[in-house]
Amino acid sequence: MKPVNTIKLELESRSVNESFARATVAAFAAQLDPNVEEISDIKTAVSEAVTNCIVHAYPDCVGKIYIYAAIYENGKFKVKIKDKGKGIEDVEKAMEPLYTTLGGERAGLGFAVMESFCDKIKVKSKPGKGTTVTLEKIFSGRSATDDRS
Amino acid sequence: MSINITSTPMRLTIALSGEIDHHNAAALRLEADDAIQSSLASNIRIDFGDVTFMDSSGIGFVLGRYRIAESCGANVEVINLSGRLYTMMKLAGLEKLVTLKTK
């Protein structure tokens, strides 16, 4: 299915950009007329994915984070968060709640939060190459079928 | 994002407001820990009433403060949680460590 609208963002993996990333994706998702809860869901999930890029993908350097978001006709919203960082050795293990390689203040809940706030999550990763997280959510509001030229 | 700390002999209250993410949790942490470690209060209350956004960094924040409070012999109470934040903290199993109270 072809999206009715898309955006592409490229940002540096600086923690100060976390709020910019989630706010921007949420502002784009607003075209689907989501309710407050749905917007918070997207914001939270994007915040987790972007934080992962910053703390895990590029732990010792500033790299690029690529965000691609798409709106589909049936109210479906898709966000892809991609990095070219160090990748994940064991994706299944990384997605286990409370599992973290960092300890300290990281709760190990990033993926668990993304899973609970989205309808679908896909994680593709290659050590040394990078990681792509795809989040999907169906919004209950009006569908994006009206004219948006 | 801001933090406001008030104390009585029995209780230290840490009131948070705004958005809590990985970026700004670091600054919150420093200030909160200073206060907890120099306080003699046996109850640490973290007030989330004015928090407008939180990701899992907020859970890390509570966990970290719980560990420090515990080592100082104090208990932790998290208050004024929205339904959403309460659900997230329960997802993390925080209710086994601290008292969670909704708005």
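Okay, charges in chain B to start: there are 10 positive and 11 negative side chains, and the centres of the two sets sit 7 Å apart. Lys and Arg count as positive here, Asp and Glu as negative, while His and the chain ends are not counted. The place of each charge is taken as NZ of Lys, CZ of Arg, CG of Asp or CD of Glu. Chain A has 22 positive and 21 negative side chains, with the two centres 7 Å apart.

Before I go on, this is a predicted model, where local features need pLDDT of at least 70 and side-chain atom pairs count only at pLDDT 80 or more, while totals for chains, interfaces and linings use all residues. Residues are numbered from 1 along each chain as its sequence is written, chains are lettered from A and ligands numbered from 1 in the order in which they are written, and side-chain values use heavy atoms, leaving out hydrogens and water.

Let's stay with chain B. Its secondary structure comes to three helices and five strands. Read along the sequence, you get β-β-α-β-α-β-α-β. The radius of gyration of chain B is 12 Å, close to the 13 Å that the globule rule gives for 103 residues, so chain B is as compact as a globular protein of that length. That radius is taken over C-alpha atoms, and the rule is 2.2 Å times the number of residues to the power 0.38. The C-alpha trace of chain B spans about 30 × 25 × 20 Å along its principal axes.

How much of chain B is buried? Of its 103 residues, 53% count as buried. Buried means under 20% relative accessible area, exposed means over 50%, and partly exposed is in between, using a 1.4 Å probe and protein chains only.

Now chain A. This one has four helices and five strands, and from the N terminus on they run β-α-α-β-β-α-α-β-β. With a radius of gyration of 15 Å, close to the 15 Å from the globule rule for 149 residues, chain A is also as compact as a globular protein of its length, so the rule works out for this one. Its C-alpha trace spans about 45 × 25 × 25 Å along the principal axes. Of the 149 residues of chain A, 50% count as buried.

Next, contacts, which means heavy atoms within 4.5 Å. In chain A, take the contacts between residues at least 6 apart in sequence: 66% of them join residues at least 24 apart. For chain B, residues 24 or more positions apart make up 67% of the contacts with a separation of 6 or more.

So where do the chains meet? 26 residues of chain A are in contact with 21 residues of chain B. Between them the two chains bury about 1,800 Å², 52% of it on carbon and sulfur atoms. Buried area, by the way, is the accessible area (1.4 Å probe) that two parts lose on being put together, summed over both. On the chain A side, Arg22(A), Glu105(A) and Leu109(A) lose the most area to chain B, together 31% of what that side buries.

Have a look at helix α4 of chain A, residues 110-117. It is mostly covered, with six of its eight residues buried; among them are Phe111(A), Val113(A) and Phe117(A). What covers those buried residues? The cover includes α2 (36-57), α3 (91-94), β4 (120-126) and β5 (130-138) of chain A, together with α2 (56-71) and α3 (83-91) of chain B.

Over in chain B, find Met54(B) in strand β3, residues 43-54. Met54(B) has 2% relative accessibility, so it counts as buried. Leaving out residues up to four places away in sequence, Met54(B) touches Thr44(A) from the other chain, plus Ile20(B), Phe48(B), Ile59(B), Leu85(B), Met88(B) and Met89(B).

Asp33(A) has a positive phi, near 55°, in a residue other than glycine. You'll find Asp33(A) in the loop between α1 (18-29) and α2 of chain A, and at 41% relative accessibility it counts as partly exposed. Asn80(B) has a positive phi too, about 60°, although it is not a glycine. Asn80(B) lies in strand β4 of chain B, residues 75-81, and counts as partly exposed at 26% relative accessibility.

Technical notes:
Helices (H or I, at least four residues) and strands (E, at least two) are DSSP runs, numbered from the N terminus.
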